[in-house]
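Please look through the structure shown here, first by its strands and then by its helices, with the paragraphs that follow as a guide.

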Amino acid sequence: GSGCGGMFYHDTRWPKPYNHAVYTCDWGRSAVFLHNPPANGPTFDAHQDTFLSLSRPTDIDVDGNGRMLVASWHGGKFAYSGPNIGYVAQLVPEDLKAKPFPNVNRAKDEELYALLTGPSQVQNLHAQREILRRGSSAQRTAKLIELASDEAVPLAGRVAAIFTLKQLDGAKAQDALLKLAKDESITEFTLRALTDRKGELKDLGAQSFVAALKNKNPRIRSQALISLGRLGDKSAASAILPHAYTPHRSEQPAHTQPNPSAVIPHLATRALVALNAVDTCLLALDGKDADTALSVLKYLHDEKVVNELTARAAKNPDPTILATLVRLYHREGDYKSGWWGTRPDTTGPYFAREKWSGSDKIEAGLKTALAKASRNTVDAVKAQLARHKVSIKGLPTGTAVAANETSNTPIKIPAPTGDPKK
């Protein structure tokens, strides 16, 4: 197919399953698809149904009255084909009575709050913009906190109130949002609002986010990790590191299969990389989180990392440490201009691999370590070098050490039993 326009739509005036879903237009398959992905831990499973069969749909939108509009490029070609090409289809539920959309510029504040928590995302958005245009006041702040706290208000309305409050009062909303975060039905949204703008993080401590890492709800833990990565407080790194542990799977899922167990480790890793948590990961190399720390260090291109890992490899040519050094040999090149083309190199882990200041030390460290490594270890490292497209000449071939080579282990002959004369 050829994906074109798409949107998330929330309007409770529409019937289920159409009133809270993602819609995508596929020009190549002449269809608009409906996506209602079911929650699965910290993420969602994939879902797709055909919502509408339509000739070459290119975009989709809705208005404040609940009318859905889909643009079709029917009869069009890649060159100009004349003025009578395409059309716009309108879709409305049979029992929906469209009413004129109110003029929000003339509405009273109470009317805006009703729209902000009303059934339609379009109403929510335009009401929010008008409240923000009118500016902050003690009355508006208090009302938004009241709406966000009210369990009788629909969740979408409470979330709209949370983000309106943050945009209205900026960093001054921190105390109110931290109090709201204690309500677990809206915790993930308040944590996100608190760190949504990096320019408004001054005086925001990491304590509430670190505490959220212990929450039983994986969605709250996920948002806490994202927020900690944005917050930039390195003191939280030691609390984040255990969450980067990836459970071993005997079989890796296909790209079409859900893998919720990988989400939190991925987010924790990205948070640690954002914090440049070099010291925390290096200190963990001698503890219970050593393997997890190595899995993070492979993303941290820092000469301190290279110095520590090459020193360790020289004493003990551990295959996992050596593989981490191979991964660090290249880094992602800086974007200069142009694009990757229609078929970029997807072998990874970098699109435009290039050497950096630590590459030569990694090469020397690998040679030193492999000079006394077993042949199996050397072969394993060479496989990693090929996989990462790293070319290093003059690598040692490895030594055949009985302690390291299972093929050299003496054959054990069982002791004879019984009487040999019989």
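Predicted model: local features only at pLDDT ≥ 70, side-chain atom pairs only at ≥ 80, totals over all residues.

Y87 belongs to strand β9, which covers residues 87-91. With a relative accessible area of 36%, Y87 is partly exposed, because that value lies between the 20% under which a residue counts as buried and the 50% over which it counts as exposed. The C-alpha atom of Y87 is separated by 28 Å from that of P119, a residue 32 places away along the chain.

The strand that holds Y87 takes part in an open sheet of three strands, whose order is β7-β8-β9 and whose pairing is antiparallel. Strands β7 (57-62) and β9 stand at the edges of this sheet, and each has a single partner strand, so one side of each is left without a neighbour in the sheet. From one strand to the next, the twist averages 20°. Strands of a sheet pair through backbone hydrogen bonds, either parallel or antiparallel. Here, β7 and β8, the latter made of residues 68-72, pair in the antiparallel sense over five bridges, and D59 stands opposite A71 in β8.

Is E130 buried or exposed? Its relative accessibility is 3%, and E130 therefore counts as buried, the cut-off for that term being 20%. Not counting residues up to four places away in sequence, E130 touches V104, N105 and L112.

The last element to consider is helix α15, which has twelve residues, 359-370, and reaches 16 Å from its first C-alpha to its last, close to the 16 Å expected at 1.5 Å a residue. The buried residues of α15 are S359, I362, E363, G365, L366, A369 and L370. Seen down the axis of α15, these buried residues fall within an arc of 165°, which means that they line one face of the helix. What do the buried residues of α15 pack against? Their partners are α13 (303-315), α14 (319-329), β11 (353-355) and α16 (375-387).

Notes
Residues numbered from 1 in each chain as written. Heavy atoms only, no water. Helix = DSSP H or I, 4+ residues; strand = E, 2+ residues; numbered from the N terminus. Buried < 20%, exposed > 50% of the residue type's maximum accessible area, 1.4 Å probe, protein only. Expected span 1.5 Å × (residues − 1). Arc of directions from axis to C-beta. Contact = heavy atoms within 4.5 Å. Pairing = 2+ DSSP bridges. Axes fitted to C-alpha atoms, helices over the stretch in contact; angles between N-to-C directions.
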